[in-house]
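Today I went looking for charged pairs. My notes are below.

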Amino acid sequence: MPCMVAMTVKEKQTIIMKAEKETVQEKKNGIETVTGAEALLRCLIEEGVDTIFGYPGGAIMPVYDRLLDYEGKLKHILTRHEQGAAHAAQAYAMVTGKTGVCFATSGPGATNLITGIANAYLDSVPVVFITAQVVSNLIGTDAFQETDILGVSMPVVKWNAQIKKPDDIPETLARAFYIAKTGRPGPVVVDITKDAQYEKLNFKYKKCNYIRSYNPHIKLHTRAIESAAIMINHAEKPLILAGHGVLISGAENELLTFAEKTGIPVASTLLGLSAFPTGHRLYTGYLGMHGNYGPNLLTNEADLIIAIGMRFDDRVTGNLKKYAKNARIIHIEIDEAEINKNVIVDLEINNDAKEVLSYLIPLVQKKSYEKWIREFRICDKTEYEKVIRSETKPETGKLKMGEVVRLVSELTKGDAIIVTDVGQNQMSVARYYSFSKPNSLVTSGGMGTMGFGLPASIGSKIGKPDKQVVAFIGDGGFQMTIQELGTIMQYRIPVKIIILNNNFLGMVRQWQDMFYSKRYASTELVNPDFITIAKGYGIPAKIVKERKDLKNLLVEMLDAEGPFLLDIKIDNEANVLPMIEPGASVSEVTLTYK
């Protein structure tokens, strides 16, 4: 056995000095030798990330270990479930306009993200999901907690990639952020093997602004826009349909200017709510299955529809064979795949909404459509008498969802960020809250994910700490992610939670009531004591059973410095109306039901 000779102190000092000189030279050259885990965190900082939502595990442990050294630069929010982290990251992105970031470990950690990834995909929200993977030489061996997350996530991501070498981390992360945010935004998944996290690389970061074969910045179709101006200037009954794309492109001011110059009435999709002030004289209401009477009914009276940043979802169109047969349609949409997919249009403008409206505004004439708008106001009066009055201003009987939402709207002056879960609570908020500021509704649109509301309220409040955040959640959806009360407790996140409690899966029960002869199969809920549960998490909570107590307790909730929960007992057999029944035309919207 060879003899081991100990180094002298001088030799050790020489080696250390040499290493330090090499490090200094590397820094001068813009290069440092770091582990893959540290490189990942530095990439995030270079991209302007300050908040991460996630849940640790074995395969991602090297990243979490290095994360301790970045306190003050990167804030990590430990949720109680990976799905909660995904929804919180999406909500954070929606209210801030930044790209959300979410961490999860391999196997079940990664697969628990899938619902959240799909939710962000269908709602076009940029989130970078970073998952860990088993060490590269074990891939394909069915190793402990190994799952092919690339294959699993493929249908619901804009892009995904797997990193097996630390040298690939900077370039892959740069591409991920570029792809997530540009064009039509969406989620991406980056899967990093454990060995790529602890092995070293010479770190140098360069932001991505170009990828061959990926062209998110489409040259403005000026001729098409000029043709659109001619169509708009000659229309007699035009109608603007504003979608989520208006908010994504930051085109709220352009939409307002365009509408006020042309005098064209504006209707909104669910995710387009807050893109146009709901109190504006040109606003006609919310489109869709449970939308307002006027914009649904009169869609089939319009002679020109200008669809901006929306995809003609089935909840908006109803029966496609009967949709907008009197109208020529202009579709302004950044994603070419959405054009002519559901509705064949007369003029397509495959560009960013803000760019199109900016070019279009000088070309359109200043006009007024008072007679056309009066038709919407007549519809408003009809809807108020048959639906809204009894829903928002009942004098007797059980509490209604609509009156709770309308009262919160008045107390917050429409200036809060409103988060919803999915179901009747969501539809009531869409109908009765008056949004005055852009990006003030956070909800699950395309995916319709129950359980979205509670974790989304966390992401919303962390993204906008100076704004009041109020979450409306049904008793069913609340219990799907109820564990996120632990996240609220740990970080003392001052969200206000309203459970609209009817002891039913309300929307499913409504369909059973209307279409299945009141056969309430597996929809009635026996609920726990939500007040005691909330107090167990250190969250003040009260119950509301009587109308006389509603306003005072809402004020108490809104004035509370920290988190607060109200369990409001509402009419357990009330239905959300109007409604476009399955297979019906938008003009066959139902106002009453017995």
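These entries cover the salt bridges I looked up.

Before I start: this is a predicted model, so local features need pLDDT of at least 70 and side-chain atom pairs count only at pLDDT 80 or more, while totals for chains, interfaces and linings use all residues. Residues are numbered from 1 along each chain as its sequence is written, and side-chain values use heavy atoms, with hydrogens and water left out.

Entry 1. I was after salt bridges, meaning a side-chain nitrogen of Lys or Arg within 4 Å of a carboxyl oxygen of Asp or Glu. The structure holds 26 of these salt bridges.

Entry 2. I looked up arginine 431 and found it bridged to glutamate 383, with the closest N and O atoms 2.7 Å apart. Arginine 431 sits in helix α18 (residues 424-432) and glutamate 383 in helix α16 (residues 370-392), so the pair links distant parts of the chain, 48 residues apart (helices are DSSP runs of H or I, at least four residues, and strands are runs of E, at least two, numbered from the N terminus). Buried or exposed, what is arginine 431? Arginine 431 is buried at 7% relative accessible area, and glutamate 383 is buried at 1% (buried is under 20%, exposed over 50%, partly exposed in between, using a 1.4 Å probe and protein chains only).

Entry 3. Next came glutamate 556, which has a salt bridge to lysine 542, closest N and O atoms 2.9 Å apart. Glutamate 556 is in helix α24 (residues 547-559) and lysine 542 in strand β19 (residues 541-544). Glutamate 556 is partly exposed at 33%, and lysine 542 is partly exposed at 35%.

Entry 4. Last, I noted a network of salt bridges linking Glu32, Glu38, Arg42, Arg66 and Asp69.
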